[in-house]
Amino acid sequence: MPKKKSSHICAVIEIGSDMVTMLIAQNKNGAVDILDRLECFFDLEKEIAASGRIEQSSILELCRILNGYRQEMNSMGVEEYWLFSTDYLRKAENYNFVEYQLLGRTGLKLEIIGDEEEKALLYWQMQKTMASFDRDKGDKYLYTVIGNESLGLALQSVKRQRLRQNLPITQFDVLQMREELVADTEEPAPVMNEFLEDGLDGLDSYGLRKSVKTLVFADAELEAIARLCGVKIEDHRCVIPADRLIQLGRSFMEILPEETGKEYGLTIKQERAVYASILIYHKLTELTGVSVVIGVYGSLMVSLLEQMLLKPERKEYDQYMQENAMGCARTLAKRYGCAMEHAEQVCDFAEKLYLKSKKLHPDTDDLIYLKLACLLHNCGYFSDIEYHAHCSASLIETFNLPGMSFEDRRMIAQIQQPEGEKSLRVQQLRAYFLLADALDRCKKQKLSDISIRMDGDRMIVTTVYDGNLYLEKKAFDEAAALFFEVYGVLPVLHVKTALLK
């Protein structure tokens with residue numbers, strides 16, 4: 001994103017799969033106020049799917065559209081913008097050339113919002129909308145986002161997510177399958193039903209079906225879906241009886257997307273997206289057995305405007321993501337048989353050590369990565385006790401942790417792994433991890449608390465214990481060697497007895 005300027009008017013431009021859309025907005029009393037909206041039909045997804053690239057004529061047409069939007073931004077006094085697309089555009093073989101030409105011909109820098117980032121922003125919209133919902137306090141919700149690469153599912157309990165999962169089905173997959181059935185069968189419904197069940201087969205993993213009481217989805221076409229289900233939108237959400245959604249889905253299976261426009265009064269823009277979404281939501285409703293489905297308005301463009309215009313929004317979003325990452329890490333650690341009392345204490349000690357010695361790393365804040373490494377460092381024990389750190393590293397890299405890219409997960413994996421080349425950043429975090437892990441070397445939680453103070457080139461760690469700490473002291477001294485090598489500060493463990501406390 002371009003460097004942020006002090007502006008009250010911002011613009012977001014999305015190069016969508018079949019539309020180029022721009023929203024111009026301002027902050028009005030702590031809310032996003034849309035000032036202008038421009039749309040231009042432009043189907044790139046089919047072109048990429050057919051040829052694997054974007055033709056030069058399409059690039060020139062896209063630049064013409066964007067230059068028109070830029071003129072509108074200038075006339076509206078826009079000083080901050082966000083031009084983005086999703087992962088589908090990056091599939092084009094000549095994506096780098098497209099990006100270069102867009103910048104050169106329009107002066108606008110393009111960014112790709114990855115599938116996981118898109119889902120995270122929409123999960124956040126759902127959470128904010130559901131925060132005031134009074135039905136069944138303490139209920140477990142299954143948040144659902146249909147992404148460009150996969151279907152995102154998140155088990156939400158109270159304020160944080162407990163588990164995330166991606167299933168290999170998208171709107172494009174559903175529409176493509178329905179088009180294939182036109183020529184191959186006169187009875188599409190049974191085939192579509194099996195196709196959807198196969199795409200949602202992973203729903204049983206980790207017991208998601210049994211855990212869920214209410215299904216919640218975020219959709220940009222919420223108004224159309226609510227109208228089709230015969231319900232009203234109140235407080236930015238609608239409550240849909242499960243049987244109505246299932247009945248609508250079964251009706252959709254019998255017809256083509258284009259026919260839904262005529263029969264149900266959908267626009268050309270709506271019919272394909274609403275058709276595919278309804279089929280996915282209806283099958284999720286059937287498989288989970290919920291009685292109620294809640295629809296929430298979900299717009300990636302509005303989410304990005306909130307990030308730019310509302311100052312508290314980014315901070316709250318980052319905090320939400322960190323809480324989700326920790327919640328999912330705890331669920332995964334338990335599922336892989338980790339000793340959670342040990343993991344939680346190592347995490348607590350690592351956080352205290354990191355925060356109390358902040359002056360050693362004043363320009364970085366990598367605490368979330370350190371805490372995740374502490375929670376997950378024993379998940380490899382279920383596979384191989386002798387090489388558990390290596391197994392843990394392999395698992396951590398594959399885990400779905402909110403807000404954590406593959407590069408982030410690889411770094412977390414390296415923090416707890418003794419072998420391999422490591423960057424300075426990883427070595428710094430590993431130095432804290434080893435000290436914290438040493439303080440519970442025997443996994444018996446002998447120490448209830450620690451205090452830390454800096455004394456010149458020494459970091460004094462003080463604790464109280466009357467019993468045997470030989471193994472903990474030995475492990476701490478060994479860990480202190482790396483810390484001293486990295487920071488030039490020697491950790492020293494000082495143990496007091498209860499009488500001298």
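This is a predicted model: local features need pLDDT of at least 70, side-chain atom pairs count only at pLDDT 80 or more; totals for chains, interfaces and linings use all residues.

Me: How many bridges join β4 to β5, and do they run parallel or antiparallel?
Reply: Four bridges join them, and the two strands run parallel. Strand β4 covers residues 80-86.

Me: What's the strand order in the whole sheet?
Reply: The order is β3-β2-β1-β4-β5. That is five strands in an open sheet, with mixed pairing.

Me: Which strands stand at the edges?
Reply: β3 (31-41) and β5 (110-113). Each has a single partner strand, so one side of each has no neighbour in the sheet.

Me: And the twist, what does it average?
Reply: 25 degrees from one strand to the next.

Me: Which strands does α2 touch?
Reply: Helix α2, residues 56-76, packs on the sheet and touches β1 (9-15), β2 (19-28), β3 and β4. The direction of α2 makes about 15 degrees with that of β2.

Me: Changing topic: at what angle do α6 and α7 cross?
Reply: Roughly 150 degrees, with the axes coming within 11 Å. Helix α6 is residues 171-184 and helix α7 is 188-199. Angles over 145 degrees count as roughly antiparallel, so that is what α6 is to α7.

Me: Left-handed or right-handed crossing?
Reply: The crossing of α6 and α7 is right-handed.

Me: Which residues make the contact?
Reply: From α6, D173, V174, M177, R178 and L181. From α7, P188, V191, M192, F195 and L196.

Methods. Residues are numbered from 1 along each chain as its sequence is written. Side-chain values use heavy atoms; hydrogens and water are left out. Axes are lines fitted to C-alpha atoms, for helices over the stretch in contact, and angles run from 0 to 180 degrees between N-to-C directions. Angles under 35 degrees count as roughly parallel, over 145 as roughly antiparallel, 65 to 115 as roughly perpendicular and the rest as oblique. A crossing is left-handed if the near helix is turned anticlockwise from the far one by less than a right angle, and right-handed if clockwise. Contact means heavy atoms within 4.5 Å. Two strands pair if DSSP finds at least two bridges between them.
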